[in-house]
Amino acid sequence: METNVQSKRITALLLVMMLTFALFAPSAAAESFTAEVTVNKMTVRSGPNPSYDVIATLTKGKQVTVLSYSNGIAYISFDGLKGYAPVSNMKKVSSSSPSTGGSSLSGIGTVKVSRAKIYSSASTSANVIYTAKKGQSFTVLSTDGTWAKLQNGSYTGYTLISNLDISSSVTATPTATVKPTENVNVEPPPTGLATISKNDTKIYASASTSSKVYMTLGKGATFTILNMTDTWVKLQNGKYEGYVLRSRVTVQPGVTATPAVTSTPTPKPTATPANVSNMTAVGIGKVDVNLLYIYTAPDASSSKLTSIAKGKSVIVYSHGGGWALVQYGTYVGYVKFSGLAYYENSSIPVTPTPTPNNGTISETTSMPVITNCSAPIYKTQSTSSTKLKTLAIGTELTVLGFNDNWGLVKYGSTKGYMQLGALTRISSITMSPDMNAKATVSASSAVFYKYASSSSAKVGSLSKGTEVTILASDGTWALVQYKTNTGYCTLSSLSEVQNPTITQNESVACIVTSSSPLYQYASTSSNKLISNVNKDTSVTMLGHNSSWALVTAGGKTGYMTISSLNKLKDVSLEADEAYTATVTAAGTVRKYMYSGSGSAGTVPQGMKVNVLAHNTTWALIERSGNKGYYPISSLQIQLDEFTSPTVKTFDVTVIQNASVYSKASASSSKLGTLSQGTDVTVTAYTNKWVRINYGGGTAYALKSQVSNVSYTTLKSGSSSSSDILKLQKALENLGYFDGLPAGNYGSLTTNAVSRFQTQVGMNATGTADQSTLRVLYGGYAPQSTIKSASLSKGSTGTNVTRLQTRLTYKGYLSAGIDGDYGNLTQSAVKLYQKVAGLTETGDADAGTLSSLFSSSAPKNTGSAITGTTHGGSTGGSGTGSYSTNPADDPSPGTASDKIEKVINTGLQQLGKTYVYGTSGPNTFDCSGFTTYCYRQVGVSLGRSAYAQGYGKGTKIETVSELRRGDIVCMNTLTDSDLSDHVGLYLGGGKFIHASSAAGKVIISSITSGYYNRVFSWGRRVV
């Protein structure tokens, strides 16, 4: 009955195979054709049977190319890979599908939808290899009414015809290779080397992280590439193959590995010794697990031949990738290498004895071993034979020959047979010295053995903390030397140390801040204590790292934690003064300059002491020859000209360059000079002197040269009109303010404050903060350099711009402000000189400028000088006009106000770094710079130079028509885009821009040179 059922099953299977073949071409030798996967998941292997590696799993609907087939197995290609899969899992695709080959071209197809998916085959269930954007063109190889086969360089794929506009009249020429930039799944199979680029890289049995791990490799291992996708690389080294994540290798195309790639798959081993008859055994393995299976292939999913019990031995012919090819009796197959205790021995017989348990063992070797348990020597290869002698665990003897279960042994004069499972080869439990590392015993005690096995004889033990030298180790055992003796102990019972761990490269006196141990090594674990060092002991630090210091203390050298030390120079002062002080609060005098140091005595309130040195916190005091440290806050120090000071800490601003003295006396040593505008901290003061923090210590300066008056900070948008008016008048009288004081804080006030701060040496923020106001109102504020300047016709630059601005606001000029001293400016200056009672020269000499830039400058009540140009017949570059409304800035929100704020914002960015694609506040590209400046006044610009050049605003055709604040557009590249660089026009032929060539924000000329040649036009957006 069973035979009939089996026969029926075979018949049914043959019928299915026949039907499947009917769907395919009639012969295995026919041309290749396209087939489609018909099952949910189809496994593809590297060879034609289940013993080969899985290289991919394909889903239902996936199309492949069948290259050949026989015996129900098809050799297929897909996505740049080739492999084997059952014929029954596929069906042939109708010939009406787009052709999979051929070279005839149908035309050019242009994508007409926003996104078009390109598939690996003519099916929407196939892999998407690329997503094309609207407007991209491809060569159309063929069509079938629904699908079009496309080519772009070496890449081919399929898309729906509805996605394309096809021009059949165009002669299709394959275009240059365009590598897809998204959804790339497959690359053509490469040739070359793959080098492991990261440590702990796993080699898998198949292209899946859930598959078996053959081995774990370190950085630098090299393999030949068999296949590669965007995620996985299939590797080979000799006969070993495996898969690695592509992110963990470096690919070297075109390089051949050694040994070269084996193109023929490794044949499946069979259960017959004939497979290894011509191979040489490389060692012997003893089963080290309870049960070890022999498989037909190096894959746990392959068939099991038999199992081997723990302690049994096998002959090893090769090993690698986590597997070993072995022979056990009549069985030949693969076992997991981790299940063996492996011993190399080139003298192992090639052919095992056919009857290993009963045959004679020849004397072919002389292998020293030890017993790993108490075991007898038998007269024959049988446990029921006579026991000649029983050996204790760890006994040394010699193996003369062996088979898979028994060894012929000699112990003294006794020769007989022992089971191999009771023996351990001595060469496998010894090590050759290859290191010289210091260690200490970290366990309570460490037992030392003759060999790296607890079965061997004990040679002694050492107590915790004993220092030894590690000569060799294997991760579990260490070969150790103590004095002149050597032996083996477990590595876990030792803690390796290094001595010295810190290089001796300094000699620094230190104080121990708390009682601390001095160790032999820079480690708190398993460390030898040299001594304990008391608090406040002086030691010498010879070197240190972030945690430990190498020190000498009391004639002994060792290691202390760095946190337990203070450098003596940091906790002591060198005597250099001789002041008298009165103790204002009783307390303890310390040995060193920190509150945790030891006591040097006590002082009562009212006691007079000598101050030998001090800083802002501590004083080194002396009384009757005794010295120590006392808080300076508990002392009243009496210095020259600093008697009975008021002790108080507050901040002041230097309003006049101030000399700094070592004592409160102009005859004492001068330590340096504090610049006007510098902020310092006062700790005490008298009517004449202030004591200040200076250079990490204490110094003195005249009280008249500093100010601690409190002012309210003023800035753009501030509403305190009376305070702003006061500020404007002060700046006007000093020559910094170009407008007319009116009590509103706009760009003219911001610019004036910035000029003042720059001249004083302060940070030019444009904000009148407390420090700026202290200097301005302190009585020592410097006048603007414009009052001593000399300008005349032909002059250009910032001072000319300021001159024109001042003349405009005073009613003498009603023309554009361009920084060019031309005819109109000369006429306006002459008009001012007439009204002010000065000699009418038309030149703005120092006398004229000093008069004009002062609060007493008269305002013109008659007609102003008007016109459209400043300089001669050719004129200047400005045609704008300024309001003469008697206010600081034009009313907030007017065009002039916005333009000046934009310009001021731009000037504040000078020198900042050019970085492509950025728009401030710390880095800019050209359009990012102009966008940032105009954003400050609420004007939105396009983000690119193209958008700004072709966007909003009035187009200005020539350089001569430009006004301050206009965007200048230039064509710096040879293309059809005439606006690929932009900047802001300042007037006077200058513009400010973020320059990629200079790498920063700079000012350049646009009236001549390179930028004049590439000028396209301007844009006036305000």
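Tyr519 comes out as buried in this predicted model, at 17% relative accessibility; here buried means under 20% relative accessible area, exposed means over 50%, and partly exposed is whatever falls in between (1.4 Å probe, protein chains only). Trp548 is buried too, with a relative accessible area of 10%. A search of the whole structure turns up 19 aromatic pairs. In such a search, rings of Phe, Tyr and Trp (its six-membered ring) pair if their centres lie within 6.5 Å, and planes under 30 degrees apart count as stacked, those over 60 as edge-to-face and the rest as tilted. The pair formed by Tyr519 and Trp548 is edge-to-face, because the ring centres are 5.9 Å apart and the planes stand at 70 degrees. This pair links distant parts of the chain, with Tyr519 in strand β44 (residues 516-519) and Trp548 in strand β47 (residues 548-553), 29 residues apart. Strands (E, at least two residues) and helices (H or I, at least four) are DSSP runs, numbered from the N terminus.

Another edge-to-face pair is that of Tyr736 and Phe756, so classed because the centres are 5.3 Å apart and the planes lie at 85 degrees. Again distant parts of the chain are linked: Tyr736 sits in the loop between α2 (721-734) and α3 (747-760), and Phe756 sits in helix α3, 20 residues apart. Both Tyr736 and Phe756 are buried. Elsewhere, ring pairs join Tyr293, Tyr295 and Trp323 into a cluster.

A couple of words on the ground rules. Residues are numbered from 1 along each chain as its sequence is written, and side-chain values use heavy atoms, with hydrogens and water left out. As the model is a predicted one, local features need pLDDT of at least 70 and side-chain atom pairs count only at pLDDT 80 or more, while totals for chains, interfaces and linings use all residues.

Rings also turn up next to charges. Lys304 lies over the face of Tyr293, at 4.0 Å from the ring centre, and Lys955 lies over the face of Trp1017, at 4.1 Å from the ring centre. For a charge to sit over a ring, NZ of Lys or CZ of Arg has to be within 6 Å of the ring centre and within 35 degrees of the ring normal.

Then there are the salt bridges, each a side-chain nitrogen of Lys or Arg within 4 Å of a carboxyl oxygen of Asp or Glu. By this rule the count comes to 11. One of them joins Lys415 to Glu363, with the closest N and O atoms 2.9 Å apart. Lys415 lies in strand β34 (residues 414-419) and Glu363 in the loop between β28 (340-344) and β29 (367-371), so this bridge ties together parts that are 52 residues apart in sequence. Lys415 counts as partly exposed, at 43% relative accessibility.

The side chains of Glu396 and Lys450 also meet in a salt bridge, at 2.4 Å from N to O. Glu396 belongs to strand β32 (residues 396-402) and Lys450 to the loop between β37 (445-449) and β38 (458-463), so the parts tied together are 54 residues apart in sequence. Glu396 is partly exposed at 32% relative accessibility, and Lys450 is partly exposed at 39%. A further bridge, between Lys569 and Asp570, spans 3.3 Å from N to O. Lys569 is exposed, with a relative accessible area of 61%, whereas Asp570 counts as partly exposed at 45%. Asp738, Arg755 and Arg802, for their part, are linked in a network of salt bridges.

Two serines round out the picture. Ser32 lies in the loop between α1 (2-23) and β1 (33-37) and counts as partly exposed, at 41% relative accessibility. Leaving aside neighbours within four places in sequence, Ser32 is in contact (heavy atoms within 4.5 Å) with Thr65, Val66 and Leu67. Ser123 is found in the loop between β9 (115-119) and β10 (128-133), and Ser123 is buried, with a relative accessible area of 11%. With neighbours within four places in sequence again left aside, Ser123 is in contact with Gly61, Gln63 and Trp147.
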